[in-house]
Amino acid sequence: MSTLKADTAESVWNECLEIIRDNINYQKYKSWFEPIKPIKLEGHRLTIQVPSQFWYEWLEQYYYGLLRNTIKRILGAEAELEYSVVLEKGSDNYDERSVKLPQQQSGPSTNEPQTLNSSPQYQPGNIQNAFVIPGIKKTKVESNLNSNYVFERFIEGDCNRLARSAAMAIAENPGTNSFNPFFVYGGVGLGKTHLIQSIGNKIKADCGDEKSVLYISSESFTNEFVHAIRNNRASEFSMFYRSIDVLIVDDIQFFSGKEKTQEEFFHIFNKLHQDGKQIVLSSDRAPKDVPDIEERLISRFNWGLSADLQVPEYETRFAILERKASDNGIEFDHEIFEFIAHNFKTSVRELEGAIIKLLATASLQRIDRLELSHAKNILKDMIKENKAQISIDTIQDHVCDYFGIEANKVREKTRKQEIVEARQIAMYLAKQMTKSSLKTIGLHFGGRDHSTVIHAITTIEERLETSPKHKQIVNDIRHQIELASI
Ligand code: ADP
Ligand code: MG
């Protein structure tokens, strides 16, 4: 492999990254794009290496347009992007162990069959190589770990103390502790992924290649398994997973109802456990509450230690905010942290979202030091989203109140003109301000069907375009509803 070429691939990819970073949320950027490695540039074709098949599919599914436009901006209209999926890292020769994949969707030159043919033993579309074929020599496993998820960045608080200290103990003595498996559970955005990856990262840092660590979401595990079966590689899949020293499986609730996958996982689990290998699992709920999981698996989940992550208390929220800001090299007034900590209470991810939004806005507007009032203004929409959902009933009440009619009237069948109008406005606002479907909205208005709701919405939309007076009325009502729900 020529280093010169690698350098060029790198510089092209770095330029791409700059564009990508500006176009998606930072966390997504970090998770999906930072781990990608540029490996080759040949003419207008850039080859990037992604950590797994699942990764490739994810990129193609969610970031196809972005990647395509970006690469064209940097390499011109004939640009092509080729993926190389990691089979085995640490090898000198990529080509033997990686598979080149074409871009799936149409594009003038990327779908050409010769690209598909570059790995004749696989069928396009169901290529599965995120697992390593056990080779002659001991394989080096791509861990799939995000290097940011380390203990040093995981703020301790009452909400996570037990889980964190157990995780630390496991990382210090993987396999040979009584926390096997270690089962972490808790709601979205509370730090499960961060914590379980911290275990993997610490083991990697302490033991290097001595211990193979693998982090995988249960979704990727399932997908890989399905692909493996399809390609008659189920036994390789099985052997690979049974050879891991520290297996970390995230969000195992995704195994619900997937009997075959559960069975496979059951056998892998048994083998690893028996061999004193460490198993770390996470889920959005306690083992016993995960639906549609075989009893024998649940009972194994309970063999070790389960620890939950709770919603962080005020002090921890404050500490997390301080830390996130300083990690980003930004100083905020304490008042701002207080404000965020008071208003974003349900998850750490939300806190991060708030900080990221402030950072982004401050840097866009070139503000060196943010004032509280400004921060409040920047975050006001997010806070609103956080507030209790606005209900259709609330909207009906406000509309009726505005027109001075009885609250129940819009739910009845009456065709009196003033009521019809109020009802149409209420339907329109219900569509705009709630996540309800047309059907649900119809049901709230005396069981009308969805075509009536559509008719109401289009009527109001037309009126808003032609009549400033109507626009004013609708805006006033909307404003009142918003104020009442803050
Ligand atoms: P989950 O997997 O439970 O949905 P994540 O692990 O993805 O949650 O956490 C969401 C975000 O919050 C991540 O960016 C993570 O780094 C951060 N985070 C969660 N808990 C903490 C903590 N205790 N200290 C610092 N950051 C945290
Ligand atoms: Mg997670």
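This is a predicted model: local features need pLDDT of at least 70, side-chain atom pairs count only at pLDDT 80 or more; totals for chains, interfaces and linings use all residues.
**Exercise 1.** Determine how helix H13 and helix H15 are oriented to each other, and which residues make their contact.

*Solution.* Begin with the geometry: the axes of H13, which covers residues 314-327, and of H15, which covers residues 348-364, come within 10 Å and cross at roughly 40 degrees. Angles under 35 degrees count as roughly parallel and those from 65 to 115 as roughly perpendicular, and H13 and H15 are therefore oblique to each other. Next take the handedness, which is right-handed for the crossing of H13 with H15. The contact itself is made on the H13 side by Arg 317, Ile 320, Leu 321, Lys 324 and Ala 325, and on the H15 side by Val 348, Leu 351, Glu 352 and Ile 355. Sorted by class, this contact of H13 with H15 has 6 nonpolar and 3 charged residues, and no polar ones.

**Exercise 2.** Describe the packing of helix H18 against helix H21, and then against helix H17.

*Solution.* Start with H18 (residues 417-433) and H21 (residues 468-484), whose axes are 11 Å apart and which pack at an angle of about 55 degrees; H18 and H21 are therefore oblique to each other. Their crossing is right-handed. In this contact, Glu 421, Ile 425, Tyr 428, Leu 429, Gln 432 and Met 433 of H18 meet His 470, Val 474, Ile 477, Arg 478, Ile 481 and Glu 482 of H21, and the classes represented are 7 nonpolar, 2 polar and 3 charged residues.

Now turn to H17 (residues 392-403), whose axis comes within 9 Å of that of H18, with a crossing at roughly 145 degrees. The crossing of H17 and H18 is right-handed. Here Ile 392, Ile 395, Val 399 and Phe 403 of H17 are in contact with Ala 422, Ile 425, Ala 426, Leu 429, Ala 430 and Met 433 of H18. By class, the contact of H17 with H18 has 10 nonpolar residues, with no polar and no charged ones.

**Exercise 3.** Identify the residues that come nearest to ligand 1, and give the distances of polar atoms from the ligand for Gly 189, Arg 349 and Asn 160.

*Solution.* Of the 19 residues around ligand 1, those that come nearest are Gly 189, Thr 193, His 194, Arg 349 and Glu 352. For Gly 189, a backbone N or O atom lies 2.7 Å from an oxygen atom of ligand 1. For Arg 349, a polar side-chain atom lies 2.7 Å from an oxygen atom of the ligand. For Asn 160, a polar side-chain atom lies 3.4 Å from a nitrogen atom of ligand 1.

Definitions and conventions:
Residues are numbered from 1 along each chain as its sequence is written. Chains are lettered from A and ligands numbered from 1 in the order in which they are written. Side-chain values use heavy atoms; hydrogens and water are left out. Axes are lines fitted to C-alpha atoms, for helices over the stretch in contact, and angles run from 0 to 180 degrees between N-to-C directions. Helices (H or I, at least four residues) and strands (E, at least two) are DSSP runs, numbered from the N terminus. Angles under 35 degrees count as roughly parallel, over 145 as roughly antiparallel, 65 to 115 as roughly perpendicular and the rest as oblique. A crossing is left-handed if the near helix is turned anticlockwise from the far one by less than a right angle, and right-handed if clockwise. Contact means heavy atoms within 4.5 Å. Ala, Val, Leu, Ile, Met, Phe, Trp, Tyr, Cys and Pro count as nonpolar, Asp, Glu, Lys and Arg as charged, and the others, Gly among them, as polar. A residue is near a molecule or strand if one of its heavy atoms lies within 4 Å of it. A polar contact is a pair of N or O atoms within 3.5 Å; within protein, one must be able to donate a hydrogen and the other to accept it, and residues adjacent in sequence count only if both atoms are side-chain atoms.
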